[in-house]
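I am opening a notebook on this structure. My entries note what I looked up, one topic at a time.

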Amino acid sequence: MATNILIGVGGTGAKIVEATLIQLLAGNGVEHMNDPVYVCLVDQDESNGNVARTRDLLKKIRMFQGRWAKTQKNGIDWSDAAAPVFGGVRIENLFQDGGQANLPVDMWKPTDALNLHQVISAGNLSEDKTQLLHLLFQNSDNELKLDLRAGYQGRAHVGAAAILTSVTDPNDRFIKRIEELIVGPGENHRVNICLVGSSFGGTGASGFPILARKINELRKVRNREGLHTGYRSNVSVGGVLMLPYFSFRTPPEAERDEVVAPEDLMPKAQMALEYYEDLVKKEKPFDQLYILGWDRFMQFDYYEKGNANQVNPATLPELFAATAVGRFFTSPLVSSSANTDSGDFGRPACQLLVSSRQTANVGWLDVPSPYLEKRFGAMLRFAGYWHYHVAAELDKRPGFLSRPNWATRLARAPKGDDSREDLDALKSLLSHVLLWAATVQHMAAKEFSGESKLWDFGPLINGGFLPTPQLPIILLDPRQLTEQQSLAALNFLTRRENGSSVEFTSAAFDTLENMKPEALGTQHRQIGALLAAVYTSVMMNEVRS
Amino acid sequence: MSGKIQRHFLATAITCLFAAVCAGFIWFFTSQFTDASAAVRANASDSAGLGQVLSAARTEMLSWCFKAFVFTWLFIQLFIFMADRREPSAANEASAYQSTWFILMFLNFFVLAIISYFWVPFTEILARLAEGNYWILLAIINVFSLLAFWLATGLFVKSAMKRSVPFADLFAR
């Protein structure tokens, strides 16, 4: 057993968490299926669109796992060896409740202050400290009064000061919760903490190293005198750091001095890397640190300072980052005797991995995850099949002298049963997953020539939709397609490693039509049994091929 | 034995069963002296002669029955073979194949009519057999061949194609 903690810092961090959640939903990325993953987003800008979208996904997953839990009416017993891996990884909010202030359970906002001036109580500082403050903050009045409600707006040094102030407070709820999860389960229980974020933004660039250092501090073992004597051997700290991989429109002239411009991204990343080089050499806060970049930048054709309108479309690099998270969570705990350098207390040297791509397009073989094609592909087929076909089959009533169709038979629902809310929770989750994957494909298509080698939503994309930079595509509603059209589209949805389509609908129909309800066992209930059967039908096909 | 071969084999068994039932009816309707036509009964000198006439009529009827079921069997096997090659993705796709089933059934019926016309010596049989018995056997053989076609295809077409046979859901597990 292990406890996994995933912390997304900033907008890019939130997007990596979104990709990781989708990967976890597919059953990838944890050592054992019943290892819980605690998720937390860190952002000063609570309304940030990227953060909001990930929180929305997290809520949908939690809703799905709650409504379809083993004890529920349509429950799935995920502990069963033959249960579908889809949705089997337990996702938890980092915080159990929001406390008296009713704070968000999936998010930590470093400070409630309106600006840095308030955070550090600049008005109460002594003369020499005030001078030091003006020395550190070049354009001190602007930066000290920067409205933090829109985040740190690319000013990592402002964010660093604000976040550092929060994490040094021993009563801060984030620090207390991490400490609780590290210490609580005992020395024999493994705890993996993974931080994800960017090296070039505001919140990510400032929060990522500070939180890594703080967490590293929390896992230190101290003697009675408070002296550092070693590290908790059961706690691993990982990091996934994104170098610039997207670009955006140049900010308007009036805002140029306040925010990061596209041309600032690389110099900022270079500075960040120099800092991290120093950090991993000297302080070694990470057991594993993954640094990812992308050769040609994804183009987001808009600029937003922050807030709800800053919603960047999902992109392929985030999926790569998610595989790094999965790799960290599933890596064996490295023996603490690997490095005995003085001052390391037997901790191993940091591991730096670099990934690169040689071909002009991205296929499954380029994605560094052993089960990704099988499980991710199965999840997409399952999601598409359920959304565009199974849901409608469940609503069909048998004709004259006909037995109920396979969906109704396998669902084993008693007459008059209303599972609308459960089905809506599933539908909402699947829609999110499908749109995410379709957007990744759409954004990749701008960069790569030729057809997608991972998945292809082509006929399912709503061509009549007026795209916006934040929402470049939407998918067709199942009611807008005939059964024949949707089934044909689903047969081209996922690709194999060799690029050929996985035509699965007839094999799935054959499996489901032949399946006897009693063969599903009693571990899954009603529509939960159908879900397991449908997942098996799309998975089996992949295994067969 | 693979599922496909098994289904073809079982469909053959069902056809044979129906053919055997028909043969039983033929035997039943040609076994009594009263089954012979009035002319035969009037002209027969003894019971042995009457028995020979009925036996000849029975042979003719059994031969016809055999030919009818051989062709029915061929159509059954053809439908199961064709349906096996289909890979429907939904029940509607299987249902759409009902048109093929009906075409084959009518072809089967048409072929039965043709072989009856060309291969069955009606006048000779009618001369030997009571008219009522003849028409009953004619109806039984035709109805049972078509019933065999429906039942064998409905039972032994592959599961995903069950809906290509009308009311085959009645046989579903």
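Which residue forms a salt bridge with A:Glu18, and how far apart are the closest N and O atoms? I looked it up in the model, which is predicted. The partner is A:Arg53, with the closest N and O atoms 3.0 Å apart. A:Glu18 sits in helix α1 of chain A and A:Arg53 in helix α2 (residues 49–67), so the pair ties together parts that are 35 residues apart in sequence. I checked burial too: both A:Glu18 and A:Arg53 are buried.

**Entry: other salt bridges**

I went on to the total. The rule gives 26 salt bridges over all chains.

I picked out A:Glu92 and A:Arg90. Their closest N and O atoms are 2.4 Å apart. A:Glu92 counts as buried because its relative accessibility is 14%, under the 20% cut-off. A:Arg90 has a relative accessible area of 37%, so I noted A:Arg90 as partly exposed.

Next I took A:Arg420 and A:Asp395. Their side chains meet in a salt bridge at 3.3 Å, N to O. A:Arg420 belongs to helix α13 (residues 420–447) of chain A and A:Asp395 to helix α11, so this pair links parts 25 residues apart in sequence. A:Arg420 is partly exposed at 39% relative accessibility. A:Asp395 is partly exposed as well, at 47%.

I also found a network. Salt bridges with shared partners join A:Arg403, A:Glu513, B:Arg163 and B:Asp169.

**Entry: where chain A meets chain B**

How many residues does each chain bring to the contact? Chain A brings 19 residues and chain B brings 15 residues. The area buried between them is about 1,500 Å². Carbon and sulfur atoms give 51% of that area. On the chain A side, A:Leu401, A:Arg403 and A:Phe509 lose the most area to chain B, together 38% of what that side buries.

I then looked for charged pairs across the interface. The rule finds one salt bridge there. B:Arg163 and A:Glu513 meet in a salt bridge, at 3.9 Å from N to O.

Which helices of chain A supply at least two residues each to the side that touches chain B? I listed α11 (372–395), α14 (483–490) and α15 (505–514). α15(A) gives the most, with six residues. By class, this side of chain A has six nonpolar, seven polar and six charged residues.

**Entry: nonpolar cores**

The largest nonpolar core has 114 residues. Within this core, A:Phe376, A:Tyr385, A:Trp386, A:Trp455 and A:Leu530 touch the most other members. I followed A:Phe376. Beyond its neighbours within four places in sequence, its contacts include A:Ile22, A:Asn28, A:Leu319 and A:Trp455. Apart from this core lies another, of 49 residues, with B:Phe75, B:Leu104, B:Met105 and B:Leu129 among them.

I came back to A:Asn28. A:Asn28 lies in the loop between α1 (10–25) and β2 (37–42) of chain A. Is A:Asn28 buried or exposed? A:Asn28 counts as buried because its relative accessibility is 2%. Leaving out residues up to four places away, A:Asn28 touches A:Gln23, A:Tyr371, A:Leu372, A:Arg375 and A:Phe376.

**Entry: chain B on its own**

Chain B has seven helices and zero strands. Its C-alpha atoms fill a box of roughly 70 × 30 × 25 Å along the principal axes. Of the 173 residues in chain B, 47% are buried. I checked contacts with a separation of 6 or more: residues 24 or more positions apart account for 78% of them.

Technical notes: Residues numbered from 1 in each chain as written. Chains lettered and ligands numbered in written order. Predicted model: local features only at pLDDT ≥ 70, side-chain atom pairs only at ≥ 80, totals over all residues. Heavy atoms only, no water. Contact = heavy atoms within 4.5 Å. Buried area = accessible area lost by both parts, 1.4 Å probe. Salt bridge = Lys/Arg side-chain N within 4 Å of Asp/Glu carboxyl O. Helix = DSSP H or I, 4+ residues; strand = E, 2+ residues; numbered from the N terminus. Nonpolar A, V, L, I, M, F, W, Y, C, P; charged D, E, K, R; others polar. Core = buried A, V, L, I, M, F, W, Y, C linked by side-chain atoms within 4.5 Å. Buried < 20%, exposed > 50% of the residue type's maximum accessible area, 1.4 Å probe, protein only.
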